[in-house]
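Please look over the structure shown here before reading on.

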Amino acid sequence: MTSLPLVFDAPKRGMPPKHFADLDAQGRIDAVAELGLPKFRANQLAKHYFARLTADVDEMTDLPAGKRDEVGEKLFPTLMTPVRHISCDDDSTRKTLWRLHDGTLLESVLMRYPERNTLCISSQAGCGMACPFCATGQGGLDRNLSTGEIVDQVRAAARALRDGEVGEPGRLSNIVFMGMGEPLANYKRVVDAVRKITSPAPDGFGISARSVTVSTVGLAPAIRRLADEGLSVTLAVSLHTPDDELRDTLVPVNNRWSVSEVLEAARYYADQTGRRVSIEYALIRDVNDQPWRADLLGRKLRAALGSLVHVNLIPLNPTPGSEWDASPKPVEAEFVRRVREHGVSCTVRDTRGQEIAAACGQLAAEEK
Ligand code: SAH
């Protein structure tokens with residue numbers, strides 16, 4: 001029996017074709033000019049994409065009928081196709097697995113709360129940071145996402161919310177870069193995407209920068225660079241432990257930028273932007289949940305950031321095959337109490353999506 005190549009007609013892994021969402025204002029004007037269209041069409045297309053949330057030229061009925069197909073082909077190639085939607089928490093959480101043009105998989109998760117609707121998006125397919133408790137980290141990096149692929153996750157979710165596909169019709173209010181990937185390792189595209197998420201229509205979706213959170217393992221130079229961009233996004237730093245010895249294994253990039261270097265960069269971010277920095281801390285039973293670590297965390301954060309810091313404790317969402325587990329509730333409560341004793345604000349994150357494998361990268365890992 002002859003065997004077929006495994007990936008018979010799968011396209012080559014790589015960046016998608018150029019998309020409207022990759023372009024800046026001048027790029028959009030140039031692109032329509034190339035198609036022989038007048039300048040005002042650029043603005044019209046931006047309204048369709050960013051305000052009406054459509055990337056389907058058949059819905060753009062004010063475009064000349066004879067040009068629609070060409071515009072679709074050249075400017076709105078399909079970036080992602082849904083593979084599956086999975087809902088839980090009484091349908092207030094919906095996770096979507098997307099397939100990209102080259103077969104790469106990525107995830108985004110929409111979470112509805114009484115006073116906000118938050119989308120958790122991916123910045124890379126896979127991740128190269130290799131944190132041992134994270135499902136995405138186990139699979140390695142497939143590739144960076146393009147600006148368009150980041151932005152289109154937002155458009156798709158905003159549209160689904162608006163159209164009542166995820167409960168009552170609503171508006172997308174918050175974005176967290178806490179899906180797959182290390183956003184600051186795909187720096188330029190992430191910053192470009194942030195600008196498109198926060199710019200008012202028709203240049204962007206008009207989501208408040210304060211409601212956008214960029215979460216990082218702590219690439220110190222990139223944190224400083226982000227501080228100088230003039231964006232007021234919330235910075236979240238995945239610290240997970242206050243000491244270098246353990247952090248070298250939990251967040252391997254700590255071998256390059258230590259806890260103190262990361263906290264200094266976070267301080268710079270807070271000073272430049274006036275924004276309080278979030279510290280992410282996944283509580284792992286008997287690994288990083290000891291009372292002395294809570295004290296050390298409180299002390300270091302107070303010294304480095306004063307009151308410009310908030311600790312988010314995340315009960316570990318165990319990945320399949322891992323021996324690690326979340327901390328018992330009394331241990332967690334004691335941890336919170338001790339951190340607060342140092343004058344550092346600290347809360348436990350409401351965990352969503354436990355039963356839909358919503359911890360970073362789990363759905364894509366299952367599909368593979
Ligand atoms: N690479 C970025 C953003 C993606 S992960 C970062 O590390 O910050 C978003 C958050 O989820 C990070 O704080 C990450 O450490 C955490 N996380 C990953 N896997 C987890 C798990 N199994 N349980 C709890 N938190 C997890």
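## Reading the descriptions

Q: What joins the side chains of Glu107 and Lys95?
A: A polar contact of 3.0 Å joins the side chains of Glu107 and Lys95, where a polar contact is a pair of N or O atoms within 3.5 Å; within protein, one must be able to donate a hydrogen and the other to accept it, and residues adjacent in sequence count only if both atoms are side-chain atoms. This is a predicted model, in which local features need pLDDT of at least 70 and side-chain atom pairs count only at pLDDT 80 or more, while totals for chains, interfaces and linings use all residues. Residues are numbered from 1 along each chain as its sequence is written, and side-chain values use heavy atoms, with hydrogens and water left out.

Q: Why is Glu107 called buried?
A: Glu107 has a relative accessible area of 4%, and is therefore buried, since buried means under 20% relative accessible area, exposed over 50% and partly exposed in between (1.4 Å probe, protein chains only). Glu107 is placed in strand S3, residues 105-112, and UniProt, in an unreviewed entry, lists Glu107 and Cys360 under "active site"; such annotations may be inferred rather than shown by experiment.

Q: Why does Gly181 count as buried?
A: The relative accessibility of Gly181 is 16%, so Gly181 counts as buried. Gly181 sits in the loop between strand S7 (174-177) and helix H6 (187-198); helices (H or I, at least four residues) and strands (E, at least two) are DSSP runs, numbered from the N terminus.

Q: What makes Gln124 a buried residue?
A: Gln124 has a relative accessible area of 2%, and therefore Gln124 is buried. Gln124 belongs to strand S5, residues 124-126, and a polar atom of the Gln124 side chain lies 2.9 Å from the backbone nitrogen of Glu182.

Q: Why are H10 and H11 described as roughly parallel?
A: Helix H10 (residues 291-305) and helix H11 (residues 329-341) pack at an angle of about 30°, with axes 8 Å apart; axes are lines fitted to C-alpha atoms, for helices over the stretch in contact, and angles run from 0 to 180 degrees between N-to-C directions. H10 and H11 are therefore roughly parallel to each other, because angles under 35 degrees count as roughly parallel, over 145 as roughly antiparallel, 65 to 115 as roughly perpendicular and the rest as oblique.
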